[in-house]
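Welcome! Take a look at the view below, and then we will go through it topic by topic.

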Amino acid sequence: MIRVVLDTNVVVAVVRSDRGASRVLLTAALEQRLTLLVSVPLMMEYEAVLTRAEHRTVAGLSVDDIGVLLDAIAAVAEPIRLH
């Protein structure tokens, strides 16, 4: 299975637009058609950036909505330890 790391700007693009390659990649990860690799610092960065008002306003999402997305990512992602 393909293993990928999604940069934060890719995840932001998913939240801000329902079209595009970023959405395809994250959907594939959530459907476990590819393996999403994440570290704790990367998940924290996703949260810090996605909960910014500028992104939430464009997407029409609440902080709780972002939390649901992050929980879904964490549920399917393969954790990576940084050394």
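This is a predicted model: local features need pLDDT of at least 70, side-chain atom pairs count only at pLDDT 80 or more; totals for chains, interfaces and linings use all residues.

- As general background, nonpolar side chains tend to be buried together in soluble globular proteins.
- What does L36 touch, leaving aside its neighbours within four places in sequence? L36 is in contact with V4, L6, L26, A29, I73, A77 and E78.

**Where helix 1 meets helix 2**
- Helix 1 covers residues 8-16 and helix 2 covers residues 21-30; their axes come within 8 Å and cross at roughly 100 degrees.
- An angle from 65 to 115 degrees counts as roughly perpendicular, so helix 1 is roughly perpendicular to helix 2.
- On the helix 1 side, the residues that meet helix 2 are V10, A13 and V14, while helix 2 brings S22, R23 and L26.
- By type, the residues of this contact divide into 4 nonpolar, 1 polar and 1 charged.

**A closer look at S22**
- S22 lies in helix 2.
- Is S22 buried or exposed? Buried means under 20% relative accessible area, and S22 counts as buried because its relative accessibility is 18%.
- Not counting residues up to four places away in sequence, S22 touches V10, A13 and V14.
- S22 and L6 are 16 residues apart in sequence, and their C-alpha atoms are 8.7 Å apart in space.

**The two sides of helix 3**
- Helix 3 runs over residues 40-50, and its buried residues are L42, M43, Y46, V49 and L50.
- Seen down the axis of helix 3, these buried residues fall within an arc of 135 degrees, so they line one face of the helix.
- Which residues are exposed on the other side of helix 3? They are V40 and M44.
- The buried residues of helix 3 pack against helix 1, strand 2 (35-38), helix 4 (53-59) and helix 5 (63-76).

Notes:
Residues are numbered from 1 along each chain as its sequence is written. Side-chain values use heavy atoms; hydrogens and water are left out. Axes are lines fitted to C-alpha atoms, for helices over the stretch in contact, and angles run from 0 to 180 degrees between N-to-C directions. Helices (H or I, at least four residues) and strands (E, at least two) are DSSP runs, numbered from the N terminus. Angles under 35 degrees count as roughly parallel, over 145 as roughly antiparallel, 65 to 115 as roughly perpendicular and the rest as oblique. Contact means heavy atoms within 4.5 Å. Ala, Val, Leu, Ile, Met, Phe, Trp, Tyr, Cys and Pro count as nonpolar, Asp, Glu, Lys and Arg as charged, and the others, Gly among them, as polar. Buried means under 20% relative accessible area, exposed over 50%, partly exposed in between (1.4 Å probe, protein chains only). The arc is that of the directions from the helix axis to the C-beta atoms.
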